[in-house]
Amino acid sequence: MMQVPAHTQSDGPLLKVDDLVVEYGLGNRTVHAVSGVSLEVARGETLGLVGESGCGKSTLGRAVLQLRRPKSGSVLFDGHDLTAMQGETLRKMRQRVQLIFQDPIASLNPRRRIGDIVAEPLIIAGVKDPEKRKQVVWEVLSAVGLDPELVVGRLPHEFSGGQCQRICIARALVLNPEFIVCDEPVSALDVSIRAQILNLLEEMKARFGLTLLFIAHDLAVVKAVSDRVAVMYLGRLCEVAPSEQLFAKPAHPYTALLLEAIPVPDPDVRPAESVATGEPPSPIAPPSGCRFRTRCPRADQRCSAEMPELREVVPGQLVACHHPLV
Amino acid sequence: MSGALLSIQDVAVELPTPRGNLRAVDRVNLTLEAGRTLGVVGESGCGKTMLSRAILQLLPKKARLSGRVMFAGQDLARLEPESLRKLRGRDLAVVFQDPMTSLNPVLTIGTQLMETIQEHLELDAAAAKKRSIELLTAVGIPAPEQRLTQYPHQCSGGMRQRIAIAIALSCEPKLLIADEPTTALDVTIQAQILDLLAREQRRRHMAMILITHDLGVVAGRADEVAVMYAGRVVERAPTPALFKRMHMPYTEALLAAIPKLETAPHTPLPAISGRPPDPTRPVPGCSFAPRCRYAAGRCHQAKPDLSAAETAGHFYACFHPIRMAEGIGA
Ligand SMILES: Nc1ncnc2c1ncn2[C@@H]1O[C@H](COP(=O)(O)OP(=O)(O)OP(=O)(O)O)[C@@H](O)[C@H]1O
Ligand SMILES: Nc1ncnc2c1ncn2[C@@H]1O[C@H](COP(=O)(O)OP(=O)(O)O)[C@@H](O)[C@H]1O
Ligand code: SF4
Ligand code: SF4
Ligand SMILES: [Mg+2]
Ligand SMILES: [Mg+2]
């Protein structure tokens, strides 16, 4: 595990998550949604986070923001442990960290005008001067490619999914945050608009000096915007590596499987039947040892007995596997 | 075509809106035989869902439908509501883009599955439960028995869609309309779901309309592809012919906008600029003209009709079809 002394400011990673555990109660059972995840995001970096539905990506993202309190572990943001913060201190800190959701339309209050929706974080943050608020709102709306004059007075239902996501991005930018968790920001958008929004996120990142945790289930989408990529499976990280390296030489069998499952826009490339073998096990009773072992072609006895820790196999490439591919 | 299970003839859907008439579907012709898959591709708002709702006769109340929807020899637009309801239960099934459209938030997953099964297949509660568990297993839900007692909000988005698919398949339909069934799913599950649909389709000789905005999804899965733009079919071809040579600039742009694994991170994507035209304000010429990089002359004045390409079954609506050298090539 990577060691960075706690509470040293500014030089270290902007975000450092250490051994984070998040659980949900389900009747008398426990959903092990995130089970000991450690990761770092450097200032100005985009870390992509990919993994299958239900593997805990959103839970991890929400736990970083303390929207869901973790059971254990720490979340150091700029050296401050968010898990130890409460009330006003946490609220102040949260202004520096924003979240963009997957479903842009559902995340906008249908009864409020766009101008008010985008201004809301400013009001919560205590910006009292309406002129100042208006100025900031107009700035961010223009930045995301909307005409403030035309949009501030309208309601969310008058906008397309892509436009709603632009509005969500504007709202996330309004407090001038340093870090944004983008939880599947383009998954609900179709191909042409997806490309526009990805380009927009890249522009905003450069313009506002942002650091991003970019969650998605589409590997090609993640690669398009990420410096490094973390692959998650059933509550744990399998592999973390620079984008190019991960895609060229995946070290974890699960990463390799994900890459094989991507549909290729070429009818001559027959989709490999059932490359994704087996079912993802339940996070209520995750397998012993390596959580991927029930679907892994390389699994052996050791894999069910011993949980593989994330370790560096190639410089910069961390993998949690007893029998990595590289 | 006499063997067609479904034949859509000159189907148009108009919706009155406060801002004027909205032509959501504009004179679409399509046929589909049993056991075959038709991919319908196009971006959001182009009329894919309205077309499928026209087939299902599930249009909004004020919508005006014209043309004929022939399914297994009968015109669905002329069927009595009661016969239609029966048909939709068994022979015609649909999976929507948003799983919550078909899931009830206040009922457990088990109740919803078993109700559907018991309504259309004569099974007792125990058999219906067994079948529910089989279906949940088939769509890749872990611990299906435990899931039966859960509510939709306790499942992640991906799991909800898998449950909706299980419900649609439960009635053993002749035609399944899958409206962006995997848009919200991750790749391994997408591959599994598409495999599952293909498997079920072969087993039952079921026909399928696979609606998606992702050309990558239809490439290996559909026998034929229809590309829609602004309510119209603008290119239609057997899948291999389409990918061998795209004639429509829109089809080409759609393919180019997909992020590719070969591309280096932080490379700007060739997005299609702007948005489709406001469907209540149709443009006089080709609907794609404001966004088309080949637009010239006639494109701004007249609407290109669907015309036949050299390859059999390939049609395109464009005045300046892409030439080989500029296109995808073979
Ligand atoms: N409120 C809840 N109560 C019980 N279990 C929950 C709750 N929310 C999420 N879970 C479970 O926790 C696990 C992780 O869910 P999470 O939403 O973080 O996954 P995800 O990776 O974001 O999935 P998706 O790609 O579908 O969005 C899943 O098994 C899910 O069913
Ligand atoms: N209930 C409705 N009332 C009025 N207009 C609608 C309704 N549903 C869809 N539309 C409009 O019809 C057109 C086609 O929509 P739709 O078929 O849903 O597109 P797609 O499925 O391709 O995204 C769009 O302009 C959309 O805004
Ligand atoms: S540890 Fe074993 S089961 Fe897990 S990914 Fe590696 S080889 Fe497969
Ligand atoms: S008709 Fe003209 S505007 Fe329309 S797609 Fe063809 S070249 Fe482009
Ligand atoms: Mg999620
Ligand atoms: Mg639709």
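**Figure 1. The second largest pocket of the predicted model has a volume of about 780 Å³.** The structure shown here and in the other views is a predicted model. The lining of this pocket is made up of 48 residues. Those closest to the pocket centre are A:Ile262, A:Pro263 and A:Val264 of chain A, together with B:Gln190 and B:Asp214 of chain B.

**Figure 2. Helices and strands of chains A and B line the second largest pocket.** In chain A, two or more residues each come from α7 (191-208), β8 (211-216), α8 (219-225) and α10 (253-261). In chain B, the elements that give two or more residues are α7, β8 (207-212) and α8. The largest share of the lining comes from α7(B), which gives four residues. Sorted by class, the lining has 28 nonpolar residues, nine polar residues and eleven charged residues.

**Figure 3. Chain B is in contact with chain A.** The contact involves 58 residues of chain B and 57 residues of chain A. The size of an interface is often given as the accessible area lost when the parts come together. Between chain B and chain A, the buried area is about 4400 Å², and carbon and sulfur atoms give 59% of that area. Three residues, B:Val187, B:Leu261 and B:His266, supply 16% of the area that chain B buries against chain A, more than any other three residues.

**Figure 4. Polar contacts occur between chain B and chain A.** Nine residue pairs are in polar contact between the two chains, counting pairs with both residues at pLDDT 80 or more. The number of salt bridges between chain B and chain A is zero.

**Figure 5. Several helices of chain B give residues to the side that touches chain A.** The elements of chain B that give two or more residues to this side are α6 (157-169), α7 (187-204), α8 (215-219), α9 (239-244) and α10 (249-256). The largest share, nine residues, comes from α7(B). By class, the residues on this side of chain B are 25 nonpolar, 21 polar and twelve charged.

**Figure 6. A:Asp78 and A:Arg96 form a salt bridge.** The closest N and O atoms of the pair are 2.8 Å apart. A:Asp78 is in the loop between β4 (72-77) and β5 (80-81) of chain A. A:Arg96 is in the loop between α2 (87-94) and β6 (97-100) of chain A. The two residues are 18 residues apart, and the pair links distant parts of the chain. Over all chains, a search of the whole structure finds 35 salt bridges.

Definitions and conventions:
Residues numbered from 1 in each chain as written. Chains lettered and ligands numbered in written order. Predicted model: local features only at pLDDT ≥ 70, side-chain atom pairs only at ≥ 80, totals over all residues. Heavy atoms only, no water. Contact = heavy atoms within 4.5 Å. Buried area = accessible area lost by both parts, 1.4 Å probe. Salt bridge = Lys/Arg side-chain N within 4 Å of Asp/Glu carboxyl O. Polar contact = N/O pair within 3.5 Å; in protein donor to acceptor, adjacent residues only side chain to side chain. Nonpolar A, V, L, I, M, F, W, Y, C, P; charged D, E, K, R; others polar. 1 Å grid on protein atoms, 1.4 Å probe; cavity = no way out; pocket = protein on both sides within 12 Å on 5 of 7 lines; lining within 4 Å. Points joined across faces, edges and corners; volume = space filled by probe spheres on them.
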